[in-house]
2 protein chains.
Amino acid sequence: MSQIQEIADVLKLLGDKNRLTIVALLKERELCVCEIVDILQTSQPNISQHMRKLKDGGLVKETKKGQWVYYALHIQDKPYVSEILKHIPSQKEQLKPVRCEDNECCT
Amino acid sequence: MSQIQEIADVLKLLGDKNRLTIVALLKERELCVCEIVDILQTSQPNISQHMRKLKDGGLVKETKKGQWVYYALHIQDKPYVSEILKHIPSQKEQLKPVRCEDNECCT
DNA sequence: TTTATGTATAATCAAATAATTATATATTTA
DNA sequence: TAAATATATAATTATTTGATTATACATAAA
């Protein structure tokens, strides 16, 4: 696949408000699915499917920790994504200070 | 509309290979529709509709010059678009050295 | 004033997409 | 082992999207 096609595919992934917000949130720290569901106020399967697209597109990596699945940004090989994220308003205030496995933030 | 939604909308516009290529071409110089049709090897109505979307999204400006319509990049207010374009392979070699109104490049 | 050229618009269609609902799987806890 | 929790997958649906075809409009040339 051409390089321009690959970039277009990544931009299409980011061209959805929910996914762009997720990626902006992940800039702060890794997050589990339940946190993202909580913040974006949508259904768990909806987020799960967005995460699969982001994973298939190589933008995030997943790590299982007990019953939780954490997703982290993986954009070291895509500098233009970092540049985009610099121009997105911070989503930090939407995050709780601790992670799910360290607290009962999701219940 | 939220700022993140506006950025997502722009990224969605750029998340199409044809439109991303057009924008990358326009980085070199303004172009008329017939040149873009010629380079992208697709139909004139197809390009015309992509240009309308880009125009509606505020990414390009049009200028009529006789029977030709020229489109130019308009991204001064969207620095992240410039950053993206820096990471796209140059499309310069696809351009003819002169513009349509100065030659018969489209016939 | 025809004819040709460049572009836009409208209608149509197949494919892709985001979201919902229902269900399955995996892990933890009681 | 049974119930609860976290996540994934499958099926479905409504909407959007990119492209094509046909047609209209505007400008220029013959």
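**View 1. Superposition of chain A on chain B in the predicted model.** In this predicted model, chain A is brought onto chain B by a rotation of 180° with 0.0 Å of shift along the rotation axis, and the RMSD of the superposition is 0.0 Å. This is the relation of a two-fold axis.

**View 2. The interface between the copies.** Of the interface residues of chain A, 100% are also interface residues in chain B; the copies therefore meet through the same surface.

**View 3. Crossing of helices H2 and H4 in chain A.** Helix H2 of chain A spans residues 17–26, and helix H4 of chain A spans residues 44–56. Their axes come within 10 Å and cross at roughly 75°. Because angles of 65 to 115 degrees count as roughly perpendicular, H2(A) is classed as roughly perpendicular to H4(A).

**View 4. Residues in the contact of H2(A) with H4(A).** From H2(A), the contact is formed by Asn18(A), Arg19(A), Ile22(A), Val23(A) and Leu26(A). Their counterparts in H4(A) are Asn46(A), Ile47(A), His50(A), Met51(A), Lys53(A) and Leu54(A). By residue class, the contact of H2(A) with H4(A) comprises six nonpolar, three polar and two charged residues.

**View 5. Cys32 in chains A and B.** Cys32(A) has a relative accessible area of 0% and is buried. Cys32(B), at 1% relative accessibility, also counts as buried, since the limit for that class is under 20% relative accessible area. A disulfide is a covalent bond between the sulfur atoms of two cysteines. Over all chains, the structure holds zero disulfides.

Note on methods. Residues numbered from 1 in each chain as written. Chains lettered and ligands numbered in written order. Predicted model: local features only at pLDDT ≥ 70, side-chain atom pairs only at ≥ 80, totals over all residues. Heavy atoms only, no water. Least-squares fit on C-alpha atoms with pLDDT ≥ 70 in both. Contact = heavy atoms within 4.5 Å. Axes fitted to C-alpha atoms, helices over the stretch in contact; angles between N-to-C directions. Helix = DSSP H or I, 4+ residues; strand = E, 2+ residues; numbered from the N terminus. Parallel < 35°, antiparallel > 145°, perpendicular 65-115°, else oblique. Nonpolar A, V, L, I, M, F, W, Y, C, P; charged D, E, K, R; others polar. Disulfide = S-S within 2.5 Å. Buried < 20%, exposed > 50% of the residue type's maximum accessible area, 1.4 Å probe, protein only.
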